[in-house]
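Reader: Could you walk me through the ligand site in some detail? I'd like to know what the protein puts around the ligand.

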Amino acid sequence: MKIVIIGSGLAGLSAGYRLCKSDEVIIFEKDPDIGGMSASYSIENEGKKYFIEKYYHHIFRSDSELLALIKELGLEKQMLWLKGKNAYFVDGKNYPMNTPVEILHFSPLSILDLAKLGMLVLRIKLIKDTAPYDRIKAKEWILDTAGKSVYENFFAPLMKSKFGDNAENVSAAWVIGRVKIRSDRGAEGEKLGYMRGGFNSLIEALAGEITANGGEIRTDREVTEIVIKDSAVQGVKVNGGFIPCDAVISTAEPAVLDAITGGKLGDLHETLKSIRYQGTACALIGLDRSLMEDGNYWLNIKADVPFGAVIEHTNFLPFDDYGENLVYVTSYFQDRKSPLWTQKDTDVIDSYLKGLEKMFPKLSRKDVRWTRLYRRMDTAPVYEQGYLEKVLPFAAGPSGLYLAGMFSSSNYPERSMNGSVKAGFQSVELLRKEKEKTGYDEK
Ligand SMILES: Cc1cc2nc3c(=O)[nH]c(=O)nc-3n(C[C@H](O)[C@H](O)[C@H](O)COP(=O)(O)OP(=O)(O)OC[C@H]3O[C@@H](n4cnc5c(N)ncnc54)[C@H](O)[C@@H]3O)c2cc1C
C-alpha cells in the first residue's frame, strides 16, 4: 500500500517507522526541518557542534511507549535519569519545590493552607479515572476542595503561565493529570529523563530507519488538500501536484485538518473547528555564566515579567556537553493578536532579557553570547472544560483517512512525546486492521 503521512513530528515519524518495512511511505512536512515540536537547533560552539531542542524537553519514567521505542532503536545507552531542581519564584523570592519538606516551607501559604494543599495532592493521587473531572473547571474544583488562598497563591499563577487568558476555563482533569505526574517525587525528589545528545537522536534514528527501508521524507512540502471521493481517500495535493495514495495519516492540528479536507469531515467538522490550540514563544539563550546560581533547572514564575518559566538546561545536563550555559525563557500565548506573536523577534527577545535582568540583577547583556527564538501557533490543545468530548478518533470517517497527534486520546489530559509516539502506533494498528478486512497489499 502507498501511505502518505502529513507531518514529521513524533506521531508521523513513529507511524512511518512502523509502516516502512511493509508499505510504501511518503512523509510530507511543511517546515524545512523534521521533528515538529521536538525539533532541534544545531549549534556550533568553538568548532564543536551540538543539538538542543528548540522547545525544552524531558521525559518521565512512566513514558513507556517512548522508552520502549528508544530501546528498540538501540539508543537506550543515551538515556540519562537526572535530578532537575525546581523552584517557584514568587514576588522576588525563590522557593525550592523539590521535596515534600521543601514544599512545606512555601511561605506564601499559611500552615493551614499547606495542609489543605497536601490533602488535595493526596486526594488527587487516589483518583484513578480523570474523565469525570473533565466537565468541571479546575478553578472551581480547587476553590471547593482547597480554598481561595491555595488557588490564588499556588495554582492560579501556574495555570496562568500555561494557559494565559484561558486559565480559568481549564478542566480539573488537566490539573489532576499534571499533579499526578509531578507529585511522585519521593523524599529525595524526582528524576527526569533526557537523551544525551538530545532527542534529535531519536528523530534522526526514526527518519534513518524510514529512508533505509525505502520511505521518503520530503520537507518544505505543505499538504494543501486531502482528496476524498466517494467517501474514500484518493491522494493529497502538495505544491500544486496530486500524489495518489491508498491511505493518509494526518498529524496536522485540527484546524489545518479541517481546512485541507474542505470542512467535509461530516460530524467531525464542528469538533475540528472548536478545538483551540495555543502558541509558544520560546527563547534559547547562550550565556557566558550560569543564570540560576542556586542550581535550579526549572523556575516557575509569579512576577510581572512577560514569560512564565525559566529553564536552565545546563543546570540539568552536564555543562561540558555544550561548553556554554543554555537557558530557555518561555511563554504560552493564546492567539495571533498576542504581542508574543506580532512583535519582531528582536523585540520579543529584548522584552525577555529585560524581564531576566529584573529577576536576576547580576545578569548583564555582555553575558549573552547568542539568542534564538522559536514561535509557533500550533503547540498544544487548550485542555478546557469539556475537552474530552473533542478528543479525535484514530479513524476520521472516510475510508483510508487516519488521525494521530496531540489531539489523540493518548495525549489526554496532557500532550507529550510519549502520547504522540503511542498515537502514531495506534493509528497504524487501526489502518492495518481495517485494510486486512478488505485485503491488504504489502509493498
Ligand atoms: C514548549 C513545549 C515543551 C514541551 N515539552 C515537552 C516535554 O518536556 N516532554 C514531552 O514529552 N513533551 C513535551 N512537549 C510536547 C511534545 O513536543 C509534543 O507532544 C510532540 O512532539 C508532538 O508530536 P506530534 O507529531 O503529535 O505533533 P507535531 O510535533 O506538532 O508534528 C506535526 C507536524 O505536522 C506538520 N504539518 C502541519 N500541517 C502540515 C501540512 N499541511 N503539511 C505538511 N506538514 C504539516 C507540522 O509542521 C509538524 O511538524 C512540549 C511541547 C512544547 C511546545
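Author: Let's start with a term: a polar contact here is a pair of N or O atoms within 3.5 Å. By that rule, a backbone N or O atom of Val223 sits 2.9 Å from a nitrogen atom of the ligand. On its own the ligand has 1000 Å² of accessible area, and the protein covers 96% of that (Shrake-Rupley method, 1.4 Å probe).

A quick word on ground rules: this is a predicted model, where local features need pLDDT of at least 70, side-chain atom pairs count only at pLDDT 80 or more, and totals for chains, interfaces and linings use all residues. Residues are numbered from 1 along each chain as its sequence is written, and side-chain values use heavy atoms, with hydrogens and water left out.

Now the shell itself. Counting residues with a heavy atom within 4 Å, 32 residues surround the ligand, and the closest are Glu29, Met37, His57, His58 and Ser420. By class, that shell has twelve nonpolar, 13 polar and seven charged residues, with Gly counted as polar. Elements giving two or more residues to the shell are α1 (10-19), β18 (368-381) and α13 (417-438); these are DSSP runs, helices (H or I) of at least four residues and strands (E) of at least two. On the domain level, domain 1 (2-57 + 199-275 + 385-438) and domain 3 (191-196 + 277-381) each supply at least three shell residues, with bounds from an automatic or database domain assignment.

Notes
Polar contact = N/O pair within 3.5 Å; in protein donor to acceptor, adjacent residues only side chain to side chain.
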